[in-house]
Amino acid sequence: MATAIVSSARQVGRLTNAARRLYSDVYPKITTHYTIHPRDKDPRWKDINMERIAEETDILIIGGGPAGMAAAIRARQIAEEKGAEVRVTLLEKATEIGGHILSGACVDPIALNELIPDWKEKGAPLNTPVTSDKFGLLTKSGRIPIPVFPGLPNYNHGNYVVRLGHLVRWLSEQAEALGAEVWPGCSGAELLYREDGSLKGVATGDVGIAKDGSPKDMFERGMEFHSKITIFAEGCHGHLTKMVSSKFNLREKSEPQSYGIGLKELWEVKPEHHKPGLVEHTVGWPLDKNTYGGSFIYHLNAAEGEAPLVAVGFVVGLDYVNPYLSPFREFQRFKLHPYVKPMFEGGSRVAYGARALVEGGWQCVPAPAFPGGCLAGDTAGYLNVPRIKGTHNAMKSGMLAAESAMELILSGEATHDKGVVPTTYEDKLKESYVYKELKQVRNCRPSFHTKLGLYGGIAYSAFSTLVRGKEPWTFSHGGADHAKLKPAKECQPIEYPKPDGVVTFDLLSSVALTGTNHEADQPPHLTLKDDTVPVKRNLAVFDGPESRFCPAGVYEFVPLETGEGERLQINAQNCIHCKTCDIKDPSQNINWVVPEGGGGPAYNGM
């Protein structure tokens, strides 16, 4: 009897072990990051020194884009005007300032005029004033021109075509000349709080962690930055902004943010195809009428001896419904249109990149201030979608954030011991053109949600522009983008043309142009709350949309070694920090966190 029991127990043990092996084969461990697997429960971290060096500053700015740099400049300007000793510190995750910046970009100089009136004399890289505007509706084989009149949101005379990364780099030089401290290669990874619950500051990411989540011999703890006021200017869908918004419930009275993904290439084109200052936009093909999106083609001035340069890009609203849609491949297909293709024939593609952008507007703006800090720029959602512009609003909001922060610091209300709310910031925003612009165009983007799709949206947007947004109603975006995706069985797969290597290209050769680089031996920063969800739900229900919505080939479903079924493989080294996965994942299982400082793309004037 005893022998039978022992034998039975052994058999159960073998079956259990076999089941575990089978489960681990089908659902292998992917995520090793400490945000999912806490270190206090990992014996490998038991004797590791976890103390951090702390720095104190008056104003801490997270993010070195237009909003962050404008905030740093304005804070130091006020400090000089008042003769006050105020330390302003800016943290930027890119190794070089501007290295993670990607935008069209056609910039309204209104905020720059206010911030640095003599920017021309100081050599700001705004070298291409807009000379002409074009807008058109593409059909499969043709183009229907749509007039662009003064007063319309997309009228661009007086604006400048810029390489935004270069402008940001110049702004950084102005900030440092005024005495601001700029720390590139420093990723804000954690939020720090005071005992009263207010924000105390930010800790940068640790370095020297192996891919399996264990400490390396070279492990070093990140630094703590304690501030009186922290301004978050992380850009679209900021990692820390997500956490601070949740902590202080900043989205309690706003709709979920709505997003798009913008993909961009820089091309050296033949001189006969180059028209410096031309700004052109299209809607329609290759997208269907119910998928929001469109293109931009901007012709930049070429310096003497330089090749003629054209920026071309394509934006797809992330509220699209078909899981088979690939934004990257839609962009490549767009370039095959008979109106577009001749421009790039005989040319050479020199750069590629992609970035998510905020499209929700007025309805989706969170509360901008909280105990210890505030939000500025795209991380708060201040992009004007009908104008296809956000840089001016980002800069203006950064300036207003700095003014509110300086009021509290100079009055002595803001200290390191207690957190205060910069309440005047929201008042300043409401009185500025930032909120006025967003309110005026609030119904344009959601008007594309009707059964008429693109055509209804264009018609309604024309009406709303005519009445200057004074209609007494406000449309809703109808929920979060990730919830809009339909099951694969309800949708038709999309057949895309193969890349020709001349005008259209494959994904991996495109990613190579981004210069993206990450330390290989570190935990993937694309974390999964549950490693089984990609196969159990995303693949089973939506046919693995992450393998298509990612513009860098990070997510890939590969066959299991057994030959039966597939598993998710994350190629984290490819990540170009666009944040699309965190936004569009239908299960909201992906959480993008910062990699080791300096990792990511290395854009040059994108």
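Biologist: In what order do the 7 strands of the open sheet lie?

Modeller: Strands of a sheet pair through backbone hydrogen bonds, either parallel or antiparallel. Here, in a predicted model where local features need pLDDT of at least 70, side-chain atom pairs count only at pLDDT 80 or more, and totals for chains, interfaces and linings use all residues, the order is S6-S5-S15-S16-S17-S14-S18, with mixed pairing. Residues are numbered from 1 along each chain as its sequence is written, and side-chain values use heavy atoms, with hydrogens and water left out. Strands are DSSP runs of E, at least two residues, numbered from the N terminus, and two of them pair if DSSP finds at least two bridges between them. The edge strands, each pairing on one side only, are S6 (143-145) and S18 (348-358).

Biologist: Which strands pair with S15, and in what sense?

Modeller: Strand S5 (residues 132-138) runs parallel to S15 and is joined to it by 7 bridges, one of which sets Leu138 against Gly284. Strand S16 (residues 293-300), by contrast, pairs with S15 (residues 278-284) in the antiparallel sense over 4 bridges; there His281 stands opposite Phe296, and Glu280 has Ile297 as its bridge partner.

Biologist: Are the residues on the two faces of S15 buried or exposed?

Modeller: In a regular strand the side chains alternate between the two faces of the sheet. In S15, 7 of its 7 residues are buried, a term that means under 20% relative accessible area with a 1.4 Å probe, protein chains only. Leu278, Glu280, Thr282 and Gly284 lie on one side, and Val279, His281 and Val283 on the other.

Terms used:
Buried < 20%, exposed > 50% of the residue type's maximum accessible area, 1.4 Å probe, protein only.
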